[in-house]
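Here is a short briefing to read alongside your model. Keep the viewer open and follow along topic by topic.

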Amino acid sequence: TAVDGSCELVEDGKTGWLIPPENAAMLADALRRALLHPAQAAEIGHAAAAHVTAAFSVEKMVEAYEGLFREFAE
């Protein structure tokens, strides 16, 4: 659902589907679309995996921490 954190991780329609909280009808619709269009769902799943790998890898995390440490050291 589209709550804190999820909106930063998921790009609606590209790396997942963001559903308003407590909206069972929209959630059911998104699940129905995924089941009726498995190729599109797989494409979104692959895009999500690529996004997480690129944006949240160990290397990216280390780079971010290193940048913070360098900033504090200056």
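pLDDT is the predictor's confidence in each residue, from 0 to 100. This is a predicted model, in which local features need pLDDT of at least 70 and side-chain atom pairs count only at pLDDT 80 or more, while totals for chains, interfaces and linings use all residues. Residues are numbered from 1 along each chain as its sequence is written, and side-chain values use heavy atoms, leaving out hydrogens and water.

**Confidence**

- The protein chain has an average pLDDT of 93, and 100% of the residues score at least 70.
- Among the elements of the chain, helix 2 has the highest mean pLDDT (96) and helix 1 the lowest (87); helices (H or I, at least four residues) are DSSP runs, numbered from the N terminus.
- Where pLDDT is low, predicted coordinates should not be read in detail.

**The loop between helix 1 and helix 2**

- E22 sits in the loop between helix 1 (6–9) and helix 2 (24–36).
- The phi of E22 is near 60°, a positive value in a residue other than glycine.
- Most residues other than glycine have a negative phi.
- E22 counts as exposed because its relative accessibility is 84%; the classes are buried under 20% relative accessible area, exposed over 50% and partly exposed in between, with a 1.4 Å probe and protein chains only.
- T15 lies in the loop between helix 1 and helix 2 as well, but T15 is buried, with a relative accessible area of 14%.
- Which residues does T15 touch, not counting those up to four places away in sequence? They are L9, V10, I44, A47, A48 and H51, where contact means heavy atoms within 4.5 Å.
- A polar atom of the T15 side chain lies 2.7 Å from the backbone nitrogen of E11.

**Salt bridges**

- The structure holds 4 salt bridges, each defined as a side-chain nitrogen of Lys or Arg within 4 Å of a carboxyl oxygen of Asp or Glu.
- Side chains of opposite charge can pair when their charged atoms come close.
- E11 pairs with K14 through their side chains in a salt bridge (3.7 Å, N to O), and E11 is partly exposed at 44% relative accessibility.
- In helix 2, R32 and D29 lie 3 residues apart, about one turn of the helix, and their side chains form a salt bridge (3.6 Å, N to O).
- R32 is partly exposed at 45% relative accessible area, and D29 is partly exposed at 35%.
- D29, R32 and R33 are linked in a network of salt bridges.
- R70 and E66 are separated by about one helical turn because they are 4 residues apart in helix 4, and their side chains meet in a salt bridge (2.8 Å, N to O).
- R70 is exposed, with a relative accessible area of 52%, whereas E66 is partly exposed at 38%.

**A nonpolar patch**

- V58, M61, V62, Y65, L68, F69 and F72 make a nonpolar surface patch of about 760 Å².
- Such patches are made of residues with over 30% relative accessible area and no salt bridge, with nonpolar side chains (Val, Leu, Ile, Met, Phe, Trp, Tyr) joined within 5 Å.
- Accessible areas come from the Shrake-Rupley method with a 1.4 Å probe, and for residues only the protein chains shown count as cover.
- F69, one of the patch residues, is found in helix 4 (residues 58–73) and is exposed, with a relative accessible area of 56%.

**A distance along the chain**

- A28, in helix 2, is partly exposed, with a relative accessible area of 32%.
- The C-alpha atoms of A28 and V52 are separated by 25 Å, and the two residues are 24 residues apart along the chain.

Definitions and conventions
Patches are made of residues with over 30% relative accessible area and no salt bridge: like charges are joined within 9 Å, nonpolar side chains (Val, Leu, Ile, Met, Phe, Trp, Tyr) within 5 Å. Helices (H or I, at least four residues) and strands (E, at least two) are DSSP runs, numbered from the N terminus. A polar contact is a pair of N or O atoms within 3.5 Å; within protein, one must be able to donate a hydrogen and the other to accept it, and residues adjacent in sequence count only if both atoms are side-chain atoms.
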